[in-house]
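Biologist: Before we discuss this structure, I would like each term set against its definition.

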Amino acid sequence: MNKAITDGIVFMPPAFANGLNVWSSGDGTPGSPTYNGSGTGAFVPADADFGGCLEILKVSATQKLRYMGQTPLQPGCYLQIKVRVKAISGPLPEVRIAAWAGGAGDSHVTGVIEQGPATQLSGYGRVQEITAIVGTGQRNGVDMPWGVAALYGHFGLDLVGSNGAVVRVDDIEITDVTSVFLRDMISLVDVRDFGAIGDGVADDTAAFVAADQAAAGRRVFVSEGTYALTQNTTIASEIEFEGTVTMPDDKMLLLTKNFDLPAYITAFGDEELAFKKAFQALLNNSDHESLDMGGRKISVNGPIDMAAAVPNRQSGFSTRRVIRNGQFDVKSNSAWDTETFTSVATYNPSDPTRLTNVANVANIPVGALVQGNGVGREIYVRSKNVGAGEIRLNAPIFDAAGTQNFTFYSFKYLLDFIGFGTLRKFGMEEIEFQCNGRCSAIRLAPSGSTFAVANCFISRPKDRGITSIGTGCQGMLIDNCQFLSSEESFNVPDRRSIALNATANDVKLRHNRAVRFQSFAVLAGTNNLVLGNHFFQGDSIAQGVRSAGLVMIGTYNSSTISESYVDNCFVQWTNERDANPTYTAGFSFSAMTITDNIFYCNEVAPWFSNIVIRPHGPGHFLNGVVIAGNKFRSVNGTIDRAERVDTTFAGLNHFRHLNVSVRDNTFHGVTTKVENPLRLRFSQNSNSQVWGVWAQGRLPFGGKARGCDAVTVLGPLRNSFGQIVHDTPYVQLEQGAGNDVINLRWSQSLRGTVSTMIRMEV
C-alpha cells in the first residue's frame, strides 16, 4: 500500500532549488530560523555528484536541517527519509536523520524517538546515503516509532560533532514504504500501528480498541508478540492472531465476529485457558447464544471451575447458552485425585437434610458424596455452615438417627458448575468428554433448570458421568448420548460408577446408551420420562449378580419408563430417601408407568428379576401402577419371575393395592408369568360344591386374590349324576394360607371348567 498512490498524499519536500525559505536550521516549526540568507547555508546549483544541492557550514554542536512543511503521518503508514551527503572540508561530522513530532493543536509530542541512527562521514568528496524510517508502530526496521499521538513531522537531518565542517546535502526524499511492513493493508489493520507494544508488560488495550474502531470492515491483525490487555476488550471486527494476548482472570476478551474456540486458542496460545476465556465471553456476550469448539480437542490437566472463569456471573445465569462441537481429553495429573474425609456427625430425622456437630466441617467440600450407615445412593453435601458445624444434604437419609462416622468423597469433575448459585437453560451438544478413567465429567450447579446434554459421548468417567448435588437438574434433558464406563472390564460387584443422577423433577432421558456402569441413572424426582434408552450392565460370570440399571427413588413417582432396552440389569423402585419410611399417609408407591420395554438377561440366577420394588418401611402398597406391553426374556437359564419385592427392609401391604394394571406383556425364559387382572382357566374334575382357584403366584409382586372381575363357565356343568346343570357361584376372596385363592361356591356339588379374572386389588 502506498498513500501517495492511493490517497494522493504528497510526502516529498520541495527541492532546494525552489528556495531555502522553507528549510529551517531549527526544529522546523513556524517562526524557526531558515537557511535563506543565514550565512550558514547556500544553494549550490552545479555540484558534480548532486546537481543542485545545499551546502551547510556547521556552526552548532547539533546543526539542524528541517523541512518546515507538515509531512503527515497516518496510522499504519511508514515513511522512509533518505538523503545523500558528502563532506567538503573541516572536521568530519556524524550525520543522522532527525525530525520534530507534531500532534493535535500543533503541539510537540514528547517521549518519542526523533533521531535515526548516526553515520560517521568517512572522507571528503565521498557520497554517503543516510536513511531512517518513521511510523506509528514499533516494528523491526522502524527507527522512529511515534504511536498514534503524532499526526505529522518536520523531517530533515542533524550534523553532530566539531564545528567548522562544510557538508553538501542532496535533495531530501520522503517515500511511503508501508508495504515493507504491512501485509495486505486493504484487508488488515495491525494493532502495532495503533501503539501496541507486544512485550507482555505494557498495556495494549487502547491500541486494540483503536485498531478495531479504525478497521471499518477490515480485519484486525495481531502480529507476533505478547500483548497485555488489562481491561475488558471488545473486538467487533474480524481478527487474526499471529501473536498472543494475556489478561487478568476477571477481564474479558469479546470477539464478536470470530466467536469460536479456535479463535480464542490462537489468541491465548493455551487450549485450557482459551476455553475458560471463551466461556467467560459466552456468558457476557449478547450477540452469541453458543460457543462452537470448532471440532477441537482440548487437553485438560485439572478440573475446570466454570464459575471461577466468569466471576461476574457466579450468583446465577438464566439466558440460554450452549457449548457444542468439540472434545475434552483428560491428561494424567494428581489434580484429579479423589479426596476422602471421615467425620463424626449427628443426624435427626426431624430435620432430614441436616447433619449437626460435624467434626472437621471446614475441610469437607460442598458437593462431596456422603456415605454411612443408613445413607442412600447419591446423597451429596449441598452446603455447609462452618461456624455452626452443620452440613446440608441434597436429600434425606433413611436410617441414620444418632451419631456416627460418615465418609465424604470429593470427586473431581472435568467441567464443574458447582460454583454458580443458579444456572438455567444451559446446554452441551456434540461433545466428547474423554475422562480416561481419571475424573468424572459434569457437575451441575446447586440450583437451576433445563440443563441439556445432547448427542454427546461421556467416555470412561472415573466415578460419575453427570452429577446433581441439588436442584440444578430440574427439567434436565439428556438426549442421544453415549455413556461409556471405565469399569467395563469389571465384574458387576466391583463397579462403583454411575452414569447420572438427578434429585429434582421433570427429567427427560431419551435415546441414550449406557455401557456397564453400576447404574445408568438414579432419579429421585417425580414426573420423569425415560424413553428409548439402552443400558446394559452384565458380565461373564454365570449366574452372577446384577445391579440396578435404573433406580427410581420416591413413592409418588409419576414417571414413565418406555420403549427402553433394559439389558442384564433391572429397574428398582425404592423410597430410600424417606427419613421416616413407615407409611402413615399419602399415595405410597404410585403413578409409575412401565410400558413397551425390552427386558433381557443372560446367564443370571433364577432369583433375578427385571423390576424390583424395595420398600424401606412397613405399610406401603401399590397405587396406580401400569406395567404393560413389555417383553421379558431370559436366555441360558430361566428366572423365576420378572418382578418381585425386595424385602430387605420391609414388604408391601398387599391388602391395600389400588389400580394396578399388569397386562399384555410377553415372557420367555420366565417361569411365572404374571398379570393383573389375572385370567385363569380352572377345571374341577370331581364333583364339589366349593372350587378353590389358586392364583399360582401369578399375581404381580406377590399380590393377594382380593378381587374377581368375572367367572365364565366353559362347557357344561355336571352334577353327581352326570346331568347338565345351569348354576352361578358366588366368590370368596383371599382364601388359603397365602390369601391367593378364591373359592367358587355353587348351589350343589358340580364338576366342570371355568375361566376366572382375579385381581390383586379391590
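**Cavities and a helix**

Modeller: The lining of the second largest cavity divides into six nonpolar residues, one polar and no charged, where Ala, Val, Leu, Ile, Met, Phe, Trp, Tyr, Cys and Pro count as nonpolar, Asp, Glu, Lys and Arg as charged, and the others, Gly among them, as polar. This is a predicted model, in which local features need pLDDT of at least 70, side-chain atom pairs count only at pLDDT 80 or more, and totals for chains, interfaces and linings use all residues. Residues are numbered from 1 along each chain as its sequence is written, and side-chain values use heavy atoms, with hydrogens and water left out.

Biologist: Which residues line the second largest cavity?

Modeller: They are Val-571, Gln-572, Trp-573, Met-592, Ile-594, Ile-611 and Val-612, lining residues being those with an atom within 4 Å of a point of the cavity, a set of points on a 1 Å grid where a 1.4 Å probe fits but cannot get out. Strand E52 (570-574) gives the largest share, three residues.

Biologist: What makes helix H5 largely enclosed by the rest of the structure?

Modeller: Buried means under 20% relative accessible area (1.4 Å probe, protein chains only); nine of the twelve residues of H5 are buried, so H5 is largely enclosed. Among them are Phe-275, Phe-279 and Leu-282.

Biologist: How do you know that the length of H5 agrees with what a helix should span?

Modeller: The expected span is 1.5 Å times one less than the number of residues; for the twelve residues of H5 (271-282) that is 16 Å, and the end C-alpha atoms are 16 Å apart, which agrees.

Technical notes:
Helix = DSSP H or I, 4+ residues; strand = E, 2+ residues; numbered from the N terminus. Buried < 20%, exposed > 50% of the residue type's maximum accessible area, 1.4 Å probe, protein only. 1 Å grid on protein atoms, 1.4 Å probe; cavity = no way out; pocket = protein on both sides within 12 Å on 5 of 7 lines; lining within 4 Å.
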